[in-house]
Amino acid sequence: MTHPRLQLLDAEIEARTEAVREHAPAWPCKSGCADCCRSLGAPMLLSAAEWSRLAEGIDALPEAEAIRSGMAGMEAAALAGDPVVCPVLDERGRCRAYLHRPLPCRIHGYYAAGEGGYWCETIEARVASGGAEGVVFGRHELINRAARRELGSPLSWSEWQAGLLQAMRGVVEP
Ligand code: SF4
Ligand code: SF4
């Protein structure tokens, strides 16, 4: 079951992204535009509640095992300096666990940094050409702060997996 605080943050983000789409119907973040998923700045760091929800989505897929190995592979790719591609992305550029995607994936392209970052070159070009005039971006640092406060510190996939293992051992060991 999705953590209730996570559901509230989802709803807040959905309201913001919906407002952007209403104001600018041709907004470029659409199914199939997935350059951001193909070039993550770093392996994902998420709260336990977000990992838990994403893992639920992954486990419902026939490719679950491969995707789970891909999660660990993302960390290895980053260490080797290779591009970090999200293993949940399919060949057509679609998120296979869209309804279970974490907060950073929900805000990408709709939330600016306080100092004015717009997340990808497509959005930057649109802003530079005046195509985002009147669009009110959310501020990602506020959502990140709320997520840390309400859901706990972000963890890597391996840290989250290790925590689960430890919790299971705590249950079975006297
Ligand atoms: S953030 Fe950029 S790359 Fe990602 S979906 Fe939006 S337009 Fe496409
Ligand atoms: S979980 Fe989905 S939306 Fe997020 S980076 Fe991976 S493919 Fe993209």
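The count of aromatic pairs comes to four, where rings of Phe, Tyr and Trp (its six-membered ring) pair if their centres lie within 6.5 Å, with planes under 30 degrees apart called stacked, over 60 edge-to-face and the rest tilted. One of them joins Trp-51 and Trp-157: the ring centres are 5.3 Å apart and the planes stand at 75 degrees, so this pair is edge-to-face. Trp-51 belongs to helix 3 (residues 48-59) and Trp-157 to helix 8 (residues 157-172), so the contact ties together parts 106 residues apart in sequence. Helices here are DSSP runs (H or I, at least four residues), numbered from the N terminus.

A word on the source. This is a predicted model, in which local features need pLDDT of at least 70 and side-chain atom pairs count only at pLDDT 80 or more, while totals for chains, interfaces and linings use all residues. Residues are numbered from 1 along each chain as its sequence is written, chains are lettered from A and ligands numbered from 1 in the order in which they are written, and side-chain values use heavy atoms, leaving out hydrogens and water.

To return to the tryptophans: Trp-51 is buried, at a relative accessible area of 0%, and Trp-157 counts as buried at 5%; buried means under 20% relative accessible area (1.4 Å probe, protein chains only). Trp-157 also pairs with Trp-160, in a tilted arrangement with 5.6 Å centre to centre and 55 degrees between the planes. These two residues both lie in helix 8, three residues apart, about one turn of the helix. Through ring pairs, Trp-51, Trp-157 and Trp-160 are linked into a cluster.

I turn now to helix 4. Just after helix 4, Gly-81 takes a positive phi of about 80 degrees.

Finally, the ligands. Around ligand 2 are Cys-37, Cys-86, Val-88, Leu-89, Cys-95 and Cys-105, each with a heavy atom within 4 Å of the ligand. The residues around ligand 1 include Cys-29, Cys-33, Cys-36, His-108 and Cys-120.

Key
Buried < 20%, exposed > 50% of the residue type's maximum accessible area, 1.4 Å probe, protein only.
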